[in-house]
Amino acid sequence: SAFSLLSIIDDILDFSKIEAGRVEVETTPFSLLDVVERACAMLDHLALKREVELTCFVDPALPTLLLGDGLRLRQ
């Protein structure tokens, strides 16, 4: 719960930066699988609450590491 709350606070701060025109997009290596799994994990409790099955799939043909901003992609 604490991790989810911290993520929400970070997202709110980032949205404020976007609105102020001060967003900085990073270009670093990141794992697409990790980003997708974290995004799904944040929504998993909502799916369980509504009795909906949430599945996560990343095509194995995609590269393991990508270059970009994993945090912005998750958001």
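Trainee: Why is isoleucine 18 called partly exposed in this predicted model?

Mentor: Its relative accessible area is 43%. Buried would need under 20% and exposed over 50%, so isoleucine 18 falls in between and counts as partly exposed.

Trainee: Where is isoleucine 18 found, and which residues form a nonpolar patch with Ile18?

Mentor: Isoleucine 18 is found in helix H1. The patch on the surface consists of Phe15, Ile18, Val23 and Val25, and together they have about 360 Å² of accessible area. A patch residue needs over 30% relative accessible area; at 43%, isoleucine 18 therefore passes that cut-off.

Trainee: What makes glutamate 51 count as exposed?

Mentor: The relative accessibility of glutamate 51 is 76%. The cut-off for exposed is over 50%, so glutamate 51 counts as exposed. Glutamate 51 is found in the loop between H2 and strand E2 (65-68).

Trainee: What is the phi of glutamate 51?

Mentor: It is positive, about 60°, although glutamate 51 is not a glycine. Most residues other than glycine have a negative phi. Glycine 21, which follows H1, also has a positive phi, near 75°.

Trainee: How do you know that the span of H1 is close to the expected one?

Mentor: Helix H1 (residues 2-20) reaches 27 Å from its first C-alpha to its last, and 27 Å is expected for its 19 residues at 1.5 Å a residue.

Trainee: Which residues of H1 are buried, and why are they said to be on the same side?

Mentor: Ser7, Asp11 and Asp14 are buried. They cover an arc of only 65° around the axis, so they lie on the same side of H1. These buried residues pack against helix H2 (32-49) and helix H3 (70-74). On the other side of H1, Ala2, Leu5 and Glu19 are exposed.

Note on methods
Residues are numbered from 1 along each chain as its sequence is written. This is a predicted model: local features need pLDDT of at least 70, side-chain atom pairs count only at pLDDT 80 or more; totals for chains, interfaces and linings use all residues. Side-chain values use heavy atoms; hydrogens and water are left out. Helices (H or I, at least four residues) and strands (E, at least two) are DSSP runs, numbered from the N terminus. The expected span of a helix is 1.5 Å times one less than its number of residues. Buried means under 20% relative accessible area, exposed over 50%, partly exposed in between (1.4 Å probe, protein chains only). The arc is that of the directions from the helix axis to the C-beta atoms. Contact means heavy atoms within 4.5 Å. Patches are made of residues with over 30% relative accessible area and no salt bridge: like charges are joined within 9 Å, nonpolar side chains (Val, Leu, Ile, Met, Phe, Trp, Tyr) within 5 Å. Accessible areas come from the Shrake-Rupley method with a 1.4 Å probe; for residues, only the protein chains shown count as cover. A salt bridge is a side-chain nitrogen of Lys or Arg within 4 Å of a carboxyl oxygen of Asp or Glu.
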